[in-house]
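Please keep the sequence and the model at hand while reading.

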Amino acid sequence: MSDKMATLTRRKLLASASAIPAVAVLAACGTATMQTEMAEEKPAEQKAEAAPKPAEPVDVVFVPNPAFKFHEEGHVSNGLMEAFSEEFSNINLLVEPYTGNRNEAFAAAAAANIPYDVVTGGEGTPIDRGLQGTVLHLNDHIKATGLDMNDVWEGLMEPVVWRDGRVFGMPYGPDMRVLYMNIDLYIKGGLDPAVGPQTWDEFEEAIQKTTQKDAAGKLTVAGFPPDWGSNGTWLFMLPLLQLGGSRTNDDRTKMTFNTPEGIEAFTFVKRLWDLQDGFAAIKEFQESARPSGRDRGAALINAKCASIYMTYAERKQQIRPIDPDYEFGYTGFPLPPNAARQVSLGGSWIHMVSGWTETAEESFALLEFLARPENTLAFTKTFDRVPVRKSATLSEEFHENDPFVLHMSENMQYRTSTLGFGVPGSDQMRQQVLTGGWVGSIWNGEVGIQEALATAEEQMNLIAEEWRKELGI
């Protein structure tokens, strides 16, 4: 590991933070010195000044997602950190992954003025933090470095670009969902897993043909459990967008779920539950079929479900660790009649430069380095994720003619953020409204779709209004 890079403990982080101003002062005030023997041998008028003392490297404290293993020696991500340190000898890169809840960790750091320089967050946070001033907009740095933002996928920029054009972060390690199919269960149901369902009608038919029950009428195979995949309770956003609906108004000040498209989207997803004996039956089956939230791949491999909507990355994260040779079918999510657009949901991590940094230029250098095609390739090929750069995603060097990765590359143009709405307060909406029990109440028939949507939309827009007032926008 490079001696310019270290993983910090909290104590070391605070110590380094207090040392940064002192290092800067010393570097700025370095004076020329003369060797004693030179002073003795030459007259005063011929004395030559010694070369200026090189400035000490400036610290850049990087607080990433621990799952990406930037701190783990020998991992490809850590190798990127070493390569950065070798190229930028003026930067002392200090890597400390956050622990616990990332939003709570960031809020605590902001309150304590702990000098994180580059911090990683989810898609719901960059615009909130940027408008608050706790992260910087990057436009001047992008312009100065000539970073080609046209080569970054448009679907990745929605969560980081405010309506006035300010860019509050750089996407990293995005994922995208795909419909996985259990080949044996599809063949048993008389279906072709090499193609898969392409329309809503075909999908409903496939669910009916692959759902199985025992003699007592209890589920033994779910044809498609809507919330077992990577999307969780948010699958309804996919048909909403397919139908031409939008989650926000044009100026991104309000949420707009309660629309005809929203009602039709919820009606479709509720029908998927009902085709398999309903929400309660699948939840009861889930207790034995998928007891943990992180065993999605096992549910597919063990034939507890015939299809599941989860990220391409789950191939390496969930499936190959269980069975390296397991073969599955895959296809994009089926389309409604007269679809307005093709859509794939996805998530991403965002690297942001802290608003209190004293090393903004050096911090942005890390973001630019990690966004380079050759560096996104090294990372994404390891995790089955998607390069942020179009040129890298579409390159043979990335997909290597692997049909699964080719499918991901070709469908990246349809990807949109699952939770990066671009409305101030998006992350608060996610935590306080979208993860609530109201969605399950719809699926269970306890509340009507339009009533529930109207209430949820009102709650989200109250949050948005509070944020606008606080920010003065």
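How many bridges join strand β5 to β12, and in which direction do the two run? Strand β5 (residues 170-172) is joined to β12 by 3 bridges, and the two run antiparallel. Met170 has His351 as its bridge partner in β12.

The model is a predicted one, in which local features need pLDDT of at least 70 and side-chain atom pairs count only at pLDDT 80 or more, whereas totals for chains, interfaces and linings use all residues. Residues are numbered from 1 along each chain as its sequence is written, and side-chain values use heavy atoms, with hydrogens and water left out.

**Strands**

The secondary structure of the chain comes to 22 helices and 13 strands, where helices (H or I, at least four residues) and strands (E, at least two) are DSSP runs numbered from the N terminus. Two strands count as paired if DSSP finds at least two bridges between them. Strand β12 (residues 349-353) is itself mostly covered, since 5 of its 5 residues are buried; buried means under 20% relative accessible area, exposed over 50%, and partly exposed in between, with a 1.4 Å probe and protein chains only. From β12, Trp349, His351 and Val353 point one way, while Ile350 and Met352 point the other way.

An open sheet of 3 strands has the order β9-β6-β10, with antiparallel pairing. Because β9 (307-311) and β10 (329-331) stand at the edges with a single partner strand each, one side of each is left without a neighbour in the sheet. Neighbouring strands of this sheet are turned by 35° against each other on average, direction ignored. Within the sheet, Tyr180 stands opposite Tyr330 in β10. Helix α19 (residues 403-411) packs on the sheet, touching β6 and β10, and its direction makes about 10° with that of β10; contact here means heavy atoms within 4.5 Å.

The bridge counts are set out below.

| Strand | Partner | Bridges and direction |
|---|---|---|
| β5 (residues 170-172) | β12 | 3 bridges, antiparallel |
| β6 (residues 177-181) | β10 | 3 bridges, antiparallel |

**Helices**

Helix α9 (residues 200-210) packs against helix α11 (residues 260-274) at an angle of about 20°, with the axes 10 Å apart. The two helices are therefore roughly parallel to each other, a term for angles under 35 degrees. In this contact, Trp200, Phe203, Glu204 and Ile207 of α9 meet Glu264, Phe268, Arg271 and Leu272 of α11. By class, the contact has 5 nonpolar, no polar and 3 charged residues.

The buried residues of α9 are Trp200, Phe203, Glu204, Ala206, Ile207 and Thr210. Seen down the axis of α9, these fall within an arc of 160°, so they line one face of the helix. Glu205, also found in α9, counts as partly exposed at 36% relative accessibility.

Helix α15 (residues 360-370) is largely enclosed by the rest of the structure, because 10 of its 11 residues are buried; among them are Glu362, Phe364 and Glu368.

Over the chain of 473 residues, buried residues make up 54%.

Technical notes. Axes are lines fitted to C-alpha atoms, for helices over the stretch in contact, and angles run from 0 to 180 degrees between N-to-C directions. Angles under 35 degrees count as roughly parallel, over 145 as roughly antiparallel, 65 to 115 as roughly perpendicular and the rest as oblique. Ala, Val, Leu, Ile, Met, Phe, Trp, Tyr, Cys and Pro count as nonpolar, Asp, Glu, Lys and Arg as charged, and the others, Gly among them, as polar. The arc is that of the directions from the helix axis to the C-beta atoms.
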